[in-house]
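Dear colleague,

Please find the structure below, handed over for your records. My findings follow directly after it.

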Amino acid sequence: MPRHFSFLKKKKKKKKKKKKKKKALQFIRLIFFLFTGCSLWAQVPPQIDWGPENVGRINTLAVLPKENGVFYTFHYGNASLMPSAKISRFENGKEIFSKRIEPRIDQKMVTLEDMFLFSNRLFGLFSDKIGASVTLYMQEYDEDVDPLGPPLVVASYVVPKGWSRNVLVTTKISPG
């Protein structure tokens, strides 16, 4: 290449560097928001008096308060050979309904990582691990815990060889 066209190579290198920086920043933001949310969810839920009509569940993973007297519980049920993730809705201490969360996105089996409330809206975080690649999905649910719209792809990445394939790492703090 003639000398007077060497500036084109420099521009291409700068564009590649900018793209890499942009992707790295997006990944860092995602990790920051996931860990921020996980640290909020990792707090020990208060001991709840379920009342005489409702039996306390040992397998409750999270209590998700929505608004005055309304909250959801995220728990696992053992109705069959495989435990299934369930969400129950409570109003003023009484269970209104309990619904199984289907771990499927676009007819694919996925892993339910967590359920959470954001701006009084219920979301599920799912992961799909195929080989070295991982895709994270977020699904919004309505008041009756039915999927609301299509799932959103939050992130898709390849796990470098030798790294852990765990999608989310959460820390639970025990009282003591």
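How many bridges join strand 7 to strand 8 (residues 121-130)? Seven bridges connect these two strands, which run antiparallel. Helices (H or I, at least four residues) and strands (E, at least two) are DSSP runs, numbered from the N terminus, and two strands pair if DSSP finds at least two bridges between them.

Before the details, a note on the basis. This is a predicted model, in which local features need pLDDT of at least 70 and side-chain atom pairs count only at pLDDT 80 or more, while totals for chains, interfaces and linings use all residues. Residues are numbered from 1 along each chain as its sequence is written, and side-chain values use heavy atoms, with hydrogens and water left out.

Overall composition

The protein contains one helix and 10 strands. Read from the N terminus, the order of elements is α-β-β-β-β-β-β-β-β-β-β. Of the 176 residues, 29% are buried, where buried means under 20% relative accessible area, exposed over 50%, and partly exposed in between (1.4 Å probe, protein chains only). Among contacts (heavy atoms within 4.5 Å) between residues at least 6 apart in sequence, 33% join residues at least 24 apart.

Four strands make up an open sheet in the order 1-2-3-4, with antiparallel pairing. Its edge strands are strand 1 (60-67) and strand 4 (94-100), each of which pairs on one side only. Neighbouring strands of this sheet are turned against each other by 20° on average, direction ignored; axes are lines fitted to C-alpha atoms, for helices over the stretch in contact, and angles run from 0 to 180 degrees between N-to-C directions. Strand 3 and strand 4 run antiparallel and are joined by six bridges, and the bridge partner of F90 in strand 4 is E95.

In strand 2 lies H75, which is buried with a relative accessible area of 3%. The side chain of H75 makes a polar contact with the side chain of S88, at 3.5 Å. A polar contact is a pair of N or O atoms within 3.5 Å; within protein, one must be able to donate a hydrogen and the other to accept it, and residues adjacent in sequence count only if both atoms are side-chain atoms.

Strand 1 holds K66, a lysine that counts as buried at 12% relative accessibility. A polar atom of the K66 side chain lies 3.0 Å from the backbone oxygen of N120. Not counting residues up to four places away in sequence, K66 touches F71, Y72, L117, N120 and E143.

Aromatic pairs

The structure holds three aromatic pairs. Rings of Phe, Tyr and Trp (its six-membered ring) pair if their centres lie within 6.5 Å; planes under 30 degrees apart count as stacked, over 60 as edge-to-face and the rest as tilted. One of the pairs is the stacked pair of F71 and F90, with 4.9 Å centre to centre and 5° between the planes. F71 in strand 2 (residues 70-77) and F90 in strand 3 (residues 84-91) are 19 residues apart, and the pair thus links distant parts of the chain. F71 is buried at 14% relative accessibility, and F90 is buried at 1%. Another stacked pair joins F116 and F123, at 5.6 Å centre to centre and 20° between the planes. Both F116 and F123 are buried.

Backbone angles

Most residues other than glycine have a negative phi. S119, which is not a glycine, has a positive phi of about 55°. S119 sits in the loop between strand 7 and strand 8 and is exposed, with a relative accessible area of 56%. V145 also has a positive phi, near 60°. V145 is found in the loop between strand 9 (133-141) and strand 10 and is buried, with a relative accessible area of 3%.

Yours sincerely
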